[in-house]
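The following note sets out some points on the structure shown below.

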Amino acid sequence: MSALRTSLSRHWYAWAMVVPVTLVLGVLVLYPLVRGVYISFTDLDESNQRTEICTKTLGGDETCEPNPDRYTFIGLDNYVNIVTGDEFWLLFTNTLVWTVSCVTFHFVIGMGLAVLLNREIRGRSIYRMLLIVPWAVPAFVSAFAWKFMFNEQNGLFNAALTAIGLEPVSWFADRWTSMLTAILTNVWLGVPFMMIALLGGLQSISNDLYEAAELDGAGAWQRFRNVTLPGLQPVSMTVVLLGTIWTFNMFPIIYLVTDGQPAGQTEILVTGAFKAAFEGIRDYSEAAAYGVLILSMLVVFASIYRRVLRRQGEVW
Amino acid sequence: MAARRRPAQSLLLHATLLGATLIALFPVLWVLASSFKPANRILSSEIRLVDQPTIQNYTRVLTETALPTWMLNSVIVASMTMLFGVFMSATAGYAMSRFNFPGRRSLMWTFLITQMFPVAVLIVPIYTIMSNLGLINTLTSLVFAYCTVAVPFCAWMLKGYFDTLPRELDEAAALDGLGPFATFWRVILPLARPGLAVTAFYTFITAWGEIAYATAFLQTDDKFTLGYGLQTFVPQFNKQWEYLTPAAILISVPAAIVFLYAQRHLESGLTAGATKG
């Protein structure tokens, strides 16, 4: 008891400072999360969600009795159904292709532009400002803009293809071209964040290191490999981890640009979960099981990632 | 280094950056150009930048739809999210940066994990909570929901920023008799402006462009935010591009203003903590 009291008196202001955020996150994220895990072990859907059935009697009173068909605990059935179904592996492959290609392009293009912008160059601040524009435009607006440009009959890309004498492409009729439209849109959206974060990292690398490397006769590529890349490592580690998590769960782009076309072939795990929860008979328990699967994959990824970081001496 | 760069190299550098800039701006400019086309020509397949330009789309979307109301709602939601978001991220970030209190590590992990659980799946339980709290179809519900999306990342980012401010400042302030809250408020916050500017930008943009929660929580036309309102222009088969394009441009203007204000600070604010390593 006295230990608690000393602890309270020493740490109360730190706790007071984290109370607002803990409260909001606790009510709106942690509680739903725990409940989501519970629901994933039941067969809850739209038809059996009521716990009791109430009937009005003639006198105007209500009598309630337990709903005999209410949802029940079914153990791992949802998970087994998902993992043994064909759809899961399609969604899983799509998610991997989507995440890996988006994060790779974000990182490589963002790094390239950051390196260019880090030089002394005329008009640098204007370039930088204009290059961040995709980040400042609301994502759903950009999604509409890209869908507009990929429109089959009168979109810009097909008009351009026709103009140079090629056949127009039905972008959303094939799994991979459809995926390509979503990936292009998301790469366009996500590069500015990477670029700015990496630019911040570049600016913190001391110039002396470059000068020393130059004196030792290191060429441009060697300087990049031996000074720039190691210097950027802390930033890169963080943004790649965050980028992976965000892209893995990136809902609006797939939903608005491809909407799963053709026939659900470009659905990723998140959009699949959303469809389970909100389309047809709302199957909340299946959606929750999807959510838990996604969460576990990301937790596994993050802990492996963190272990690798630890080995390299980064601690967080 | 700049002096020794050969002209050809310099040309290549500018060409690459110009190309990238063009790609970055193009979709936005295309929507902008389309928004001035008359409704019946907006989907014409000819690539013509300006084709019988008109501002009719703008006057129609502003007078015939509820766009001005939606705009006001979005401004309210985004500003409140910004206010609460910056407040919560700054206090939490400061506590994580300066105090080694029990629960600190688990709090940081919690922040990371909240980013991992897909919003699409959280919506159903959050909806239940909101309706229990009587917040369905209110703008308040959105402010809280958006804070949960933006604050974890912002708190992390600000923790990094506070880490770069020397601890001696806190110690000096304590010697001068300031308590922890006064130190935070009067010494640290004024020095952390760049970090706070980025947080403000991030929270604003998060709230400004969100549609999933808005679609789930709002019910009546007078409460819609822009993101939701705009979707009413996108029925399944007959997209109303003549409303959609000018609305998209109008939506981007306030975001662009906030962005212009914050952009000077973006790099230092985003990566201050991570670069210290």
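1. Helix H8 of chain A (residues 175-203) has 29 residues and, at 1.5 Å a residue, should span 42 Å; its end C-alpha atoms lie 41 Å apart, which agrees. The expected span is 1.5 Å times one less than the number of residues. Helices (H or I, at least four residues) and strands (E, at least two) are DSSP runs numbered from the N terminus.

2. The model is predicted: local features need pLDDT of at least 70, side-chain atom pairs count only at pLDDT 80 or more, and totals for chains, interfaces and linings use all residues. Residues are numbered from 1 along each chain as its sequence is written, while chains are lettered from A and ligands numbered from 1 in the order in which they are written.

3. H8(A) has a kink of about 35° at Gly190(A), shortly before the proline Pro192(A). The bend at a residue is the angle between axes fitted to the seven residues ending there and the seven starting there. Of the 29 residues of H8(A), 22 are buried, so the helix is mostly covered. A residue is buried with 20 or more other C-beta atoms within 10 Å of its own, exposed with 12 or fewer, and partly exposed in between; C-beta atoms are placed from the backbone.

4. Chain A contains 13 helices and 2 strands. Its radius of gyration is 26 Å, whereas a compact globule of 316 residues would have one near 20 Å; the radius is taken over C-alpha atoms, and the globule rule is 2.2 Å times the number of residues to the power 0.38. Along the principal axes, the C-alpha atoms of chain A fill a box of roughly 90 × 75 × 35 Å. Buried residues make up 38% of the 316 in chain A.

5. At the interface, 71 residues of chain B are in contact with 73 residues of chain A, a contact being a pair of C-beta atoms, placed from the backbone, within 7 Å. Helix H1 of chain B (residues 7-35) supplies the largest share of the chain B side, 11 residues.

6. The largest nonpolar core has 161 residues, and Leu198(A) and Phe201(B) have the most contacts inside it. Such a core is a set of buried Ala, Val, Leu, Ile, Met, Phe, Trp, Tyr and Cys residues joined through C-beta atoms within 7 Å. Beyond its neighbours within four places in sequence, Leu198(A) is in contact with Gly110(A), Met111(A), Ala114(A), Leu232(A) and Val235(A).

Methods. Two residues are in contact if their C-beta atoms, placed from the backbone, lie within 7 Å.
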